[in-house]
Amino acid sequence: MAFFRPRVSREAEVRYHADLEIRRNFGDVLEKVRVAQRRFQEAKAAGAPLPVLREAALGLDTALTEALRAAEAGQRATFGVKSYDSRIARRKGRATPDGALWTDEVNRLRTMREAHRLSGIPRVPRAGRTGDPAHLTPRDVRGGLASARA
């Protein structure tokens, strides 16, 4: 009796080859992150005005997001074409040395991006924070109502 072994789906093959293409540019994407990080650190060290510092921080966030997407594509491609259709194949791919390296890289970039989003992007104050009731935003009014109740 012969057993039928299904091939991977056409969609999985297409996604696999697309991820291979993205993975090839991973070094260039990491270089963009280094440049953006250097630009942000230089702006912070120079005491740049808040809008310039925010622009540099948002540039770093964009570069980190692009690097994370490229690392995730590299991770999926390393796991193999069967991993697009099979949860078990993904787990087996993650257990290989190359899969573990890519998983660590994805986790490192995700942690770096989230830490930057939580504490690295400076906030620009709103224009309506003058205290003049004619220029209050709804958030200012809610804050005022909450403080009045306390």
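## Close-up views of a predicted helical protein

**View 1. Arg113 and the residues around it.** Arg113 is found in helix 5, which covers residues 97-119; helices here are DSSP runs of H or I with at least four residues, strands are runs of E with at least two, and both are numbered from the N terminus. The model is a predicted one, in which local features need pLDDT of at least 70 and side-chain atom pairs count only at pLDDT 80 or more, while totals for chains, interfaces and linings use all residues. Residues are numbered from 1 along each chain as its sequence is written, and side-chain values use heavy atoms, with hydrogens and water left out. Arg113 counts as buried because its relative accessibility is 14%, where buried means under 20% relative accessible area, exposed means over 50%, and partly exposed lies in between (1.4 Å probe, protein chains only). Leaving aside residues up to four places away in sequence, Arg113 touches Asp61, Leu64, Thr65 and Leu68, a contact being heavy atoms within 4.5 Å.

**View 2. The salt bridge of Asp19 and Arg76.** Asp19 and Arg76 form a salt bridge whose closest N and O atoms are 2.9 Å apart. This pair links distant parts of the chain, since Asp19 lies in helix 1 (residues 10-24) and Arg76 in helix 3 (residues 50-79), 57 residues apart. A salt bridge is a side-chain nitrogen of Lys or Arg within 4 Å of a carboxyl oxygen of Asp or Glu. Asp19 is buried, with a relative accessible area of 5%, whereas Arg76 is partly exposed at 31%.

**View 3. The salt bridge of Glu21 and Arg24.** In this pair, the closest N and O atoms of Glu21 and Arg24 are 2.4 Å apart. Because Glu21 and Arg24 are three residues apart in helix 1, they are separated by about one helical turn. Glu21 counts as partly exposed at 46% relative accessibility, and Arg24 counts as exposed at 59%.

**View 4. The positive surface patch.** Arg15, Arg87, Arg90, Arg91 and Arg94 form a positive surface patch. Patches are made of residues with over 30% relative accessible area and no salt bridge, with like charges joined within 9 Å and nonpolar side chains (Val, Leu, Ile, Met, Phe, Trp, Tyr) within 5 Å. Helix 4 (residues 87-94) gives the largest share of the positive patch, four residues. Arg94, which is found in helix 4, counts as partly exposed at 39% relative accessibility.

Terms used: Areas by Shrake-Rupley, 256 points an atom, 1.4 Å probe, with all protein chains shown as cover. Lys, Arg positive; Asp, Glu negative; His and termini not counted. Charge placed at Lys NZ, Arg CZ, Asp CG, Glu CD.
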